[in-house]
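Please find my notes on the model below.

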Amino acid sequence: MGIEFPEGFLWGAASSAHQIEGNNVASDLWGLEGRLPERSGDACDSYHRWPEDLDLVRDLGLTAYRFGVEWARVEPVEGQVSRAHLAHYRRMVEGCLERGITPIVTLHHFTSPMWFQREGGWRSGAAVERFRAYVRAVLPILDGVPWVCTINEPNMLAMMAEAIRDGHRETGTAGAMAAPDQAMADTLAAAHRAAREELGAAGLRAGWTIANQNFQAEDGAEAERDAWAWPREDQFLEAAKGDDFVGVQAYTRVRIGRQGALPVPDGARRTLTGWEFYPGALGDAVRHTAGKLPGVPILVTENGIATADDAERVEYTSAALAGLHAALAEGADVRGYLHWSLLDNYEWGSWAPTFGLVSVHRETFAREAKPSARWLGEVARSNGLRAAG
């Protein structure tokens with residue numbers, strides 16, 4: 001005996017363009033990486049090796065792959081759209097479809113063109129229309145894509161904006177960071193609405209993905225928790241009302257006391273990022289999102305663990321999926337689960353946190369599926385978890 005997921009449930013893995021493609025030289029992050037501990041460089045060379053990556057997804061038994069279109073490649077200079085790069089991403093979409101893989105495409109995953117940043121980035125009064133123009137340019141290659149993510153983790157993007165601009169790397173839990181700049185948060189919401197309008201007019205389903213931080217009240221601090229959660233997460237969920245879906249991205253929890261975020265408890269298990277080992281985060285995040293957005297389908301667009309111990313990855317993911325199934329049983333409308341990440345990739349300044357189901361040799365780029373990848377493939381094939389014993 002075990003637990004089964006709904007028929008047609010999507011099982012897959014996720015990635016982002018900058019973290020795996022390599023040499024994203026026209027992007028704002030490329031220009032800042034000299035101040036970070038490590039550079040992305042060739043990354044995983046997935047710009048050239050994407051067929052091999054898709055073969056891995058298929059051969060493992062997974063049915064979906066989330067990947068990003070990189071704005072800085074599509075529009076390296078404002079108003080000049082690269083037909084060659086658009087054709088590249090179209091080949092990736094077709095490569096998924098040819099292999100029986102559901103393509104899930106993200107249009108913005110933290111990185112922007114350098115020109116966009118130099119013109120004020122998301123703080124510019126022209127940001128929304130610039131993003132709309134980019135979305136229009138990408139529309140022709142999205143035929144056959146059933147899920148389009150407009151902006152990845154806008155709440156995290158807004159919280160990290162100052163740190164990224166100043167070249168500092170935040171290593172703490174996202175939910176314990178300072179609240180985002182509200183003007184930037186409002187601009188991101190407006191850009192999401194503009195993208196949703198363009199995608200909807202083309203008959204495409206659109207949503208954005210939220211960094212769900214599992215704010216938990218300690219010692220009766222429910223009011224403080226709610227006040228803490230609104231600027232960092234809940235206002236972004238509010239902006240997803242009426243969307244075709246919303247992406248849930250959960251890794252750990254943040255405890256909130258009377259004075260705000262509390263540190264990870266003494267003696268708690270930690271991951272390579274320093275986050276608390278807390279697989280219950282996924283089920284909790286889905287429940288919270290479903291409560292805030294009744295009627296909006298949920299797609300788990302990221303969930304995983306940074307660990308050098310692959311058995312720990314299986315332990316974490318198994319518990320996370322059990323929690324996800326419990327949330328489904330309670331009525332949450334969840335359509336699929338995408339593990340972060342397919343590959344051990346560049347984690348915004350460091351190669352040390354290994355989230356991948358597949359290891360990548362830093363010099364040869366050779367891919368090797370880990371036991372956790374084969375385990376998740378079996379979960380996908382059986383559409384459920386087997387009972388231990």
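1. Basis. The model is predicted, so local features need pLDDT of at least 70 and side-chain atom pairs count only at pLDDT 80 or more, while totals for chains, interfaces and linings use all residues. Residues are numbered from 1 along each chain as its sequence is written, and side-chain values use heavy atoms, with hydrogens and water left out.

2. Barrel. The strands β2-β3-β4-β5-β6-β8-β11-β12 form a closed barrel of 8 strands with parallel pairing. Strands (E, at least two residues) and helices (H or I, at least four) are DSSP runs numbered from the N terminus, and two strands pair if DSSP finds at least two bridges between them. Direction ignored, neighbouring strands of this sheet are turned by 30° against each other on average. Axes here are lines fitted to C-alpha atoms, for helices over the stretch in contact, and angles run from 0 to 180 degrees between N-to-C directions. Contact means heavy atoms within 4.5 Å.

3. Strand β9. This strand (residues 254-257) pairs with β7 (residues 215-217) in the parallel sense over 3 bridges, and Q216 stands opposite R255. With β10 (residues 260-261), β9 pairs in the antiparallel sense over 2 bridges, where G257 has G260 as its bridge partner. A hairpin through 2 residues joins β9 to β10. Both faces of β9 are covered: V254 and I256 on one side, and R255 and G257 on the other, are all buried. Buried means under 20% relative accessible area, exposed over 50%, and partly exposed in between (1.4 Å probe, protein chains only).

4. Nonpolar cores. Which residues touch the most other members of the largest nonpolar core? They are W11, W122, V286 and L324, out of 120 residues. A nonpolar core is a set of buried Ala, Val, Leu, Ile, Met, Phe, Trp, Tyr and Cys residues joined through side-chain atoms within 4.5 Å. Helix α9 (residues 182-201) gives the most to this core, with 8 residues. Another core, of 5 residues, lies apart from it; F215, W228, V254 and I256 are among them. Leaving aside neighbours within four places in sequence, V286 is in contact with V248, I298, V300, L324, A327, A332 and V334.

5. N155, in α8 (residues 154-165), counts as buried because its relative accessibility is 0%. Neighbours within four places in sequence aside, N155 is in contact with I210, A211, Q213, R232, E233 and F236. A137, in α7 (residues 127-138), counts as buried at 17% relative accessibility. Not counting residues up to four places away in sequence, A137 touches V81 and L86. A137 and W71 are 66 residues apart in sequence and 9.9 Å apart in space, C-alpha to C-alpha.

6. Cavities. A cavity is a set of points, on a 1 Å grid over the protein atoms alone, where a 1.4 Å probe fits but cannot get out; lining residues have an atom within 4 Å of a point. Grid points are joined across faces, edges and corners, and a volume is the space filled by probe spheres set on the points. The count comes to 2 cavities of 30 Å³ or more. About 50 Å³ of space lies in the largest cavity, whose lining includes S15, E21, Y65 and M92. The largest share of that lining, 3 residues, comes from β3.

Methods
On a 1 Å grid over the protein atoms alone, a cavity is a set of points where a 1.4 Å probe fits but cannot get out, and a pocket is an open set with protein on both sides within 12 Å along at least five of seven lines; lining residues have an atom within 4 Å of a point.
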